[in-house]
Amino acid sequence: MRSIQSARRATVTTAGAALTALALAACGATAGDGAGDDGPITLSVATFNNFGYTADLLAKYSEEHPDVTVELIDAASAEDARTNLTTKLAAGGAGLADVEAIEVDWISELAQYPELFTDLADPELDGRWLDWKVEQGTTPDGKLIGYGTDIGPEAICYRQDLLEEAGLPSEPDEVAELLGGEDATWDEYFAAGAEFVKSSDAAWYDSGVATYQGLVNQVEHAYENADGTPKPLAGNSEIRELFDTIVEQDRAGLSAGLAQWGEDWATGFQKDAFATMLCPAWMTGSIESNSGGVDGWNIADVFPGGGGNWGGSFLTVPASGAHVEEAKELAAWLTAPEQQTAAFEEAGNFPSQVEAQQSEQVQSHVNEFMNDAPVGKIFSNRAEAIEGNPFKGPNYFAIHQTVQLGLERVETSSEDPETSWAKSVEAYETLGLE
């Protein structure tokens, strides 16, 4: 089995080839006939991480649609799901699920090939989602290829017990003020971390790569200009400054140096390896599942630099499917306010649907594991703080990976930062985007 780092490197080096293969597949794409059998059918839904789609939820759909059985295919990671999707799309779509989940960082790349996806536009669903979520799922020629599932408004999740042991304020409102309250900055977040590590054996946060994600998500045009043309990485001073900022904090001992989703990261939750982490709503489920009964987690209604959105996914229907109309109906049902409210209660995935966000169920929801944190109100507040989403064009994912790998080499392999940055620039140049 390849390591996470080697899998990421393969993704970067083959990005150009994958795009070419997808383009060729799109040229010869033909939509499935969508004609369902008169008898029972099985619809597959491919997801990653945890979308909150429980067996009971899927069984509910079958109760309402007696001739349909729903099968969930859950990839081990988002990267595994992306590789499976792009590989099979490039081969014409054979073997894909009837409904395929995609992550926001990939959607602009895939939107270049609208022929590979079913148009999900439906006037009856107008107004269901936040406007910017719909825009993210729409191709340049106006085709809706993705129904929005969740969004990722960010707060700070933290170990209340570890902060208290280190002599720092530990109640949620106190932590928010420690980081600057409504005017919280990254400097204040890092300064608090410097104070914490003086009095604790734990690191301040889990991963420099993950923390970089919070920083870069506040850059309007990180890797591409407004017209979609890539910014040469070698001369991208804004990204280099963020890179250096993360390296500086790593050198100061603030980072636990763990690669998110790796085995060491998962066990770090049970070994008191770090005290805080950037926390989009969906991360709360991963924290709970990895903590193995460790108490002390809480959430502060604050985020450095203002608001931030990390992640958020979509459900698509590949055009090659045998039951595209039935799959479209299932995707619409799974992203309806009722189901997204259930997913939020199950996995912490904050709805992208207006009605669900405003519902009493969401607004009053608390997370028992997170010391009864009022997560409905917290993430509603964090969503309101999002002033805009960074531009993510067709090359965003590939370029982003080159920088992430550079930071990962510094953190997990102690590579010299200058050497690692040079390797990232070289990896960017091999993408052939200029």
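A: The account below takes a pocket and a cavity, then a pair of strands and a disulfide.

The model is predicted, so local features need pLDDT of at least 70 and side-chain atom pairs count only at pLDDT 80 or more, while totals for chains, interfaces and linings use all residues. Residues are numbered from 1 along each chain as its sequence is written, and side-chain values use heavy atoms, with hydrogens and water left out.

Spaces are found on a 1 Å grid over the protein atoms alone: a cavity is a set of points where a 1.4 Å probe fits but cannot get out, and a pocket is an open set with protein on both sides within 12 Å along at least five of seven lines; lining residues have an atom within 4 Å of a point. A volume is the space filled by probe spheres set on the points, which are joined across faces, edges and corners.

The second largest pocket holds about 430 Å³. Its lining has 18 residues, with Ser108, Glu135, Gln136, Phe391 and Lys392 nearest the centre. Helix 5 (104–110) and helix 6 (131–136) each give at least two residues to this lining. Helices (H or I, at least four residues) and strands (E, at least two) are DSSP runs, numbered from the N terminus.

There are three cavities of 30 Å³ or more, and the largest cavity has about 50 Å³.

Strand 6 (residues 154–159) runs antiparallel to strand 9, with four bridges between them; two strands pair if DSSP finds at least two bridges. Within this pairing, Tyr158 is opposite Asn298. Strand 9 (residues 297–300) is covered on both faces, with Trp297 and Ile299 buried on one side and Asn298 and Ala300 buried on the other. Buried means under 20% relative accessible area, exposed over 50% and partly exposed in between (1.4 Å probe, protein chains only).

One disulfide is counted, the term being a pair of cysteine sulfur atoms within 2.5 Å. The disulfide links Cys157 and Cys279, with 2.1 Å from S to S. Cys157 belongs to strand 6 and Cys279 to strand 8 (residues 274–280), so the pair ties together parts that are 122 residues apart in sequence. The link is left-handed, at -50° about the S-S bond, and both Cys157 and Cys279 are buried.
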